Amino acid sequence: MADYTLKLRRFDPESGQAAYWQSFDVDLGPERSVLDGILKARATEDGSIAIRCSCQAAICGSCAVRINGKSALACNTKLGEASANGVDEDGAIVVEPMGNMPVLKDLIVDMDAVHWKKIQRVTPWLLPEGDPPEREYIVPAEAMIDVTQAMACIQCGACVSACLSMEVDPEFIGPAALAKAYRFVADPRDGAAEERLRDLAEDPHGIYDCTHCFACIEACPKDVAPMDQIMRLRRRATSDYEIKDQNAGYGHEQAFVRIVEKWGTLHEGQMPVRSFGQGSMVRGQTDPSAVGKLLDSAETGVNTMRKVGPRRFFLHHKLPDQKQVKRIFKEIESKDERIELNMYIVGHAEEPGVAEEIEPRDVTLGAPAEGGTDS
Amino acid sequence: MPAYDVLVIGAGLAGQRAALAADEAGATVGILSKVHPVRSHSNAAQGGINAALDPEDSWESHAFDTVKGSDYLGDQDAIEIMCREAPQELLDLEHEGVTFHRDETGHLGTRAFGGASAARTYYVADITGQAILHVLYEQLMKHDEVERHEEWFVTSLLRGDDGAIAGAVVRNIRDGAMDLFAAKTVILASGGNGQVYNPTTNALICTGDGIAQAYRIGAPLMDMEMVQYHPTTLAGNGLLITEGARGEGAHLYNAAGERFMERYAPNKMELASRDVVSRAEQTEINEGRGFPDGTVALDITVVDKKRIHEALREIVNVGRDFAGVDITKEPIHIKPGNHYTMGGVKTDTDGRTEIEGLYAAGEVACVSVHGGNRLGANSLLDTLIFGRRSGAHAAARARGVEMPAPARASLDDERALIDAIVGRERTGRRVSEIKAELGETMDSKVAVFREQASLEQALAKVKDLKEEAKEVAIDDRGSVFNQDALGALELVYMLDNAECIVAAAIERKESRGAQFRTDFPERDDEQWLKHITVSADDEGAPRIGYSEVTMTQWEPQERKY
């Protein structure tokens, strides 16, 4: 048995008082969960501690909180690990309600106001084309396995809590809802993939609002890897439907890919011109709307120039073995089919025995390594 | 006062399915749940859902397996309906978007499950319940004319002067506000009572509220003694390892490395029905052939690794996160653990209870399709089939009746009761302490093996705890999310459930299905091929009754696997 101190952020909306910290010592083994600790404190010291919880097995998604600043389920975070991974100066495990959502009481937040509102935003139900078949829809096994990764989401909100983009833009549709959107877009039974993608690409708070920070992947207790699903939405929007959105998301991605193809590394000076020109420098320099957008982002351009220096901003060097980069591009772009791998197919990255069974074909350029997101 | 044609209480699979069916039939529908619907315990159903969809299979075969699994206590008319309607229900779910596993031809694929003569379990990895629950919730979001009351709690059901259901007294957990809901019909879909036991695979919310609430207003309960112990739960915390693991080929070993099921079920081995496997394990453990921690071993390493990752992913996580075991590399220690209640509020095949206008579906109900022992992957089916049938029937009934006007006084009474709990002087023990003692009592005395003396001790203990619960101590004096007060109400419901379970277990002096009496080790069809019912008498104490088992085409036989 080891003693752990849990420092809980308490808030009683009826007291008229601000939130405060309260510590509880719990005598439990290191293999027990933070939720076990909280429930023990509630059972033996203070029955008024409020936390949503039910299954205690990381299935119901009730008990997401922030533990030492990290969003996670309290029921599958062990006391021993929480204690090893950064306690506060008093040696306590710090437990707070989730971020990006209003607190209702103690560790309970208003998920309706944020999380569920965003889920509603993505038309979260199947929109099949025409009448259903007499029997089941015949669809590829891989397609079902693929969307099952997004279906593994338990709507706990940990990714929403951890999302840095949402902190800056509260209107961002966010990782959970976009992962849910992928579940429909990638479902062969859904008849509205293009409309859904267009909607999510054109929304200034949609798929291009994600900054690729990986916080949601790290926070997700079910390996849903929401950011990967957002990237998949982008790939489908651009590669499958060539949706040229008003947010220049398409152009930005095309610009990025073509610049790397040409120079091997990022040419900062070329980025804005090509991004607003839907990936084309010529269009970027001649299209009036692109010029307007370029002017709007002039400040960013000036800052970038300051950062990288005028020489690199205007004159970018090529990688010494740029031919190799070109060869990779050729190899990948010669594939007819985009291979989407997910955790149900590849298992764990640290499982060589499993990974070896998969052909070493990679996903489209720009995709993060998948299946290695087990945190 | 909100008023509905159909008020559904509970929003797991049965509740959501009932609400959607009633909505489709044109009724005004309210659905109320003490947790957000996707937190419901239907989530925990990992393995799959049975349906004889394959043309090579037949609903009769599914029905016979279910009858045999029930140890002939299941009502065969209800079982026939469930198995006949299963394929269409499965296809409806598929059409609504459930991502069921496909075979290499793109058709629905199956896995094997316990007690079944064909591989007829359809599944989504090992998150089948979750996948279906979330898809039904998608449909509920789509049909937003159904009014959702999420994080609301029913404190009591109300009957009108004519004896029919009139509505419910409800409390909004978020702010403590209380209200009356009038309803022409009420469908209970509030789940099982696993929390009466400790450990249990059941979530903290499974406190048997609906069973107790129906019992209190006069609805008879049935088959309450039939409590399923699942063969593979983790020692200590009671977490579930899906039967799908054995369906995929995993073996059971005792500490001597013997595959002991050879001695108990030479044909079906690990895939005998759950009562049989649990008893075999408990016998090994009791006779000293288990591990020192009171367990036997489940060896999943014999299953292909890629298949484990594809089909048993959640179990990999549970093993790693909750037992520190990599199940792809080493066996995991398991034991039988409380999992499911076959019993519940007695209903007919349309979900009707014996109170006019009150319906029940899912684990809260007892139709009875599971009889003495439920087959794996039949519970999801039960929730959906009888959820839908209840919803449709309730909507039809509502068309012919006036909206009742539940008495305002009941709201005042309930409010006073809760105020008294919240304002009570702290003298007694906390909810958690009384609950822990209840759970320990039930798990030690009313579990896999039972006998008269310990059952009587359990009954006496439950009665003592009931007295004590009247003075349970509360710390939270507030209105917003007062989970402490909620726990006090749930505790009282749990104790009602426990009392009925023990009373029925004492009554059944034979061994059948999940009820194994060491003092009456044989099945006795002469005397006990009948349901035991429990109703509240005038003092609120359990009164035993009986109900015939409906037989259609299968005569009782000796049960061998």
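Strand S9 (residues 178-188) of chain B pairs in the parallel sense with strand S16 (residues 358-360) of chain B over 3 bridges; strands are DSSP runs of E with at least two residues, numbered from the N terminus, and two strands pair if DSSP finds at least two bridges between them. Within this pairing, Leu188(B) has Ala360(B) in S16(B) as its bridge partner.

Before I continue, this is a predicted model, in which local features need pLDDT of at least 70 and side-chain atom pairs count only at pLDDT 80 or more, while totals for chains, interfaces and linings use all residues. Residues are numbered from 1 along each chain as its sequence is written, with chains lettered from A in the order in which they are written.

Strand S1 (residues 3-9) of chain B runs parallel to S9(B), joined by 6 bridges, and Ala3(B) stands opposite Ala182(B). Strand S8 (residues 165-172) of chain B is antiparallel to S9(B), with 5 bridges; here Val169(B) faces Leu180(B) as its opposite residue. S8(B) and S9(B) form a hairpin with 5 residues between them, and Gly176(B) in the turn has a positive phi of about 80°.

Why is S9(B) described as largely enclosed by the rest of the structure? Because 8 of its 11 residues are buried, that is, 20 or more other C-beta atoms, placed from the backbone, lie within 10 Å of the residue's own.

I turn to chain A. Its domain assignment, automatic or from a database, gives domain 1 (2-109) and domain 2 (111-264 + 318-375). Their contact (C-beta atoms, placed from the backbone, within 7 Å) takes 17 residues from each domain.

Key:
Two residues are in contact if their C-beta atoms, placed from the backbone, lie within 7 Å. A residue is buried if 20 or more other C-beta atoms lie within 10 Å of its own, exposed if 12 or fewer, and partly exposed in between; C-beta atoms are placed from the backbone. Helices (H or I, at least four residues) and strands (E, at least two) are DSSP runs, numbered from the N terminus.
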